[in-house]
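Here is a quick tour of the model, written for someone who likes to know the cut-offs. Have the structure open as you read.

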Amino acid sequence: MDLKSFNNINLNAKKVLVRVDFNVPLDDMGNITDITRIKAHVSTIKELLGQGAKVALISHLGRPKGNVVPKYSLAPVAPELEKLLGNNTSVRFVSDCVGRTVTEAVENWLNNEVLLLENVRFYSEEEKNEAEFAKKLAENFDVFVMDAFSVSHRAHSSTSAITNFLPSYSGNLIDKEITMLSTIRDNPANPFVLILGGSKVSDKIAVIENMLKKVNTILIGGGMAFTFLKAQGYEIGKSLCETNEIDFAKRMLKEAEGLGVEIILPTDVLVAESFSNDVSFKAVLTSQIPINTMGLDIGPETSKIFADKINNAKSVLWNGPMGVFEMSNFSGGSRAISLALSNATKHNGTITVVGGGDSAAAITLFKLEKDVTHVSTGGGASLEFFEGKDLPGITPYII
């Protein structure tokens, strides 16, 4: 999929507004605890500056619901970004994203200075994709660059409507995301293994339906596995189960069999009597789950089976953790998947893509995110991409 990238035009002396995602985690004192999302945009910003463009950045942070909420101010991002940019580039925080405050900042724009505008979601018009608000966002600038893949599935003023008022192009992060995700979705090398986890089958229905004819094997873990196990007649105790999706699970198992697609469910799981990291737990066969327990992770035998399938694959997409990885006792399955992806990438040349969200959080927790081909920055956006949907923040740039 080819995109209309800013790299192909002359932006010298142009005032460029870039949509980024600086929705960073903050502690109770307002300190940024993870700068990964800021780092993700450095390439685009530096390249624009290198072309002689003047760069202003717009983002959201948190869910202020159209109100000015001081704890969601983007002000703490400015010094962190300035450190990352280096090369005597300064970052000036601007206390609004529209109106006279922005106009004055633009009029007094210094060389080698990046403007960081205030949280665009302080305005309720943003999430309503209002054209008039988008026009205000655009009025001080010559060009718009979309670089926030993580919100590209949202039709908001700063991701969608703004393209009606400025010449618009994709940024480096968007280009990288679409290149990698398109490769795994549209032209995967076989054998292609899809790993699905997370809590709900309902979150993954459209992905399964869209990818079923493209994959060779589907490995299913996490809470969603118990709905599939229930569909096969297993006793699952107090494990998570979407009873409304049991018929869907039965139909998918049957369709997969007809297509020659292998669906592998856990053969063993870790169970406990309550949802806690402190409770005693044990590994049991999925055919022997005690009625008073719940499954909280795939077991060691399943981890080995899944790892073997990954090791023999040429393409792998992982979307959804294998268990409650935030609890150390139930993180083993997700760790095993992360290690298997790392090994397959390094030793077999396997194309390995982690589809954002909790999967990205898991592989980052295990410090293996640099050992795979690509970790997506967008959870919801990557999910919708693999569902085959058009993303309103990407569609304007498709050539």
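Predicted model: local features only at pLDDT ≥ 70, side-chain atom pairs only at ≥ 80, totals over all residues.

## Overall fold

Residues are numbered from 1 along each chain as its sequence is written, and side-chain values use heavy atoms, with hydrogens and water left out.

The protein has 13 helices and 15 strands; these are DSSP runs numbered from the N terminus, with helices being H or I of at least four residues and strands E of at least two. The C-alpha trace spans about 70 × 45 × 40 Å along its principal axes. For 399 residues, a compact globule would have a radius of gyration near 21 Å, and the 23 Å of the protein agrees with that. That radius is taken over C-alpha atoms, and the globule rule is 2.2 Å times the number of residues to the power 0.38.

## Surface and charge

Of the 399 residues, 54% count as buried. Buried means under 20% relative accessible area, exposed means over 50%, and partly exposed is in between (1.4 Å probe, protein chains only). The accessible surface comes to about 17000 Å², and 47% of it belongs to carbon and sulfur atoms; the areas come from the Shrake-Rupley method with a 1.4 Å probe, and for residues only the protein chains shown count as cover.

On the charge side, there are 39 positive and 46 negative side chains, with the centres of the two sets 1 Å apart. Lys and Arg count as positive and Asp and Glu as negative, leaving out His and the chain ends. Each charge is placed at NZ of Lys, CZ of Arg, CG of Asp or CD of Glu.

## The six-stranded sheet

An open sheet of 6 strands runs in the order β9-β8-β7-β13-β14-β15, with parallel pairing. The edges are β9 (262–264) and β15 (374–375), each with a single partner strand, so one side of each is left without a neighbour in the sheet. Two strands pair here if DSSP finds at least two bridges between them.

β8 (residues 217–220) pairs with β9 in the parallel sense over 3 bridges. Look for Ile218, whose bridge partner in β9 is Ile263.

## Around β5

Strand β5 (residues 143–146) points Val143 and Val145 one way and Phe144 and Met146 the other, and all are buried. In a regular strand the side chains alternate between the two faces of the sheet.

β5 runs parallel to β1 (residues 15–19), joined by 4 bridges, and Arg19 stands opposite Met146. β5 is also joined to β6 (residues 168–170) by 3 bridges, again in parallel, with Tyr169 in β6 as the bridge partner of Val145.

Most residues other than glycine have a negative phi, and most peptide bonds are trans. The bond from Asn190 to Pro191 is cis, with omega near 0°, and Pro191 lies in the loop between α6 (172–186) and β7 (192–196).

Asn88, though not a glycine, has a positive phi of about 60°. Asn88 sits in the loop between α3 (77–85) and β3 (90–94) and counts as exposed at 74% relative accessibility. Asn129 has a positive phi of about 55°, in the loop between β4 (113–117) and α5 (131–138); with a relative accessible area of 24%, Asn129 is partly exposed.
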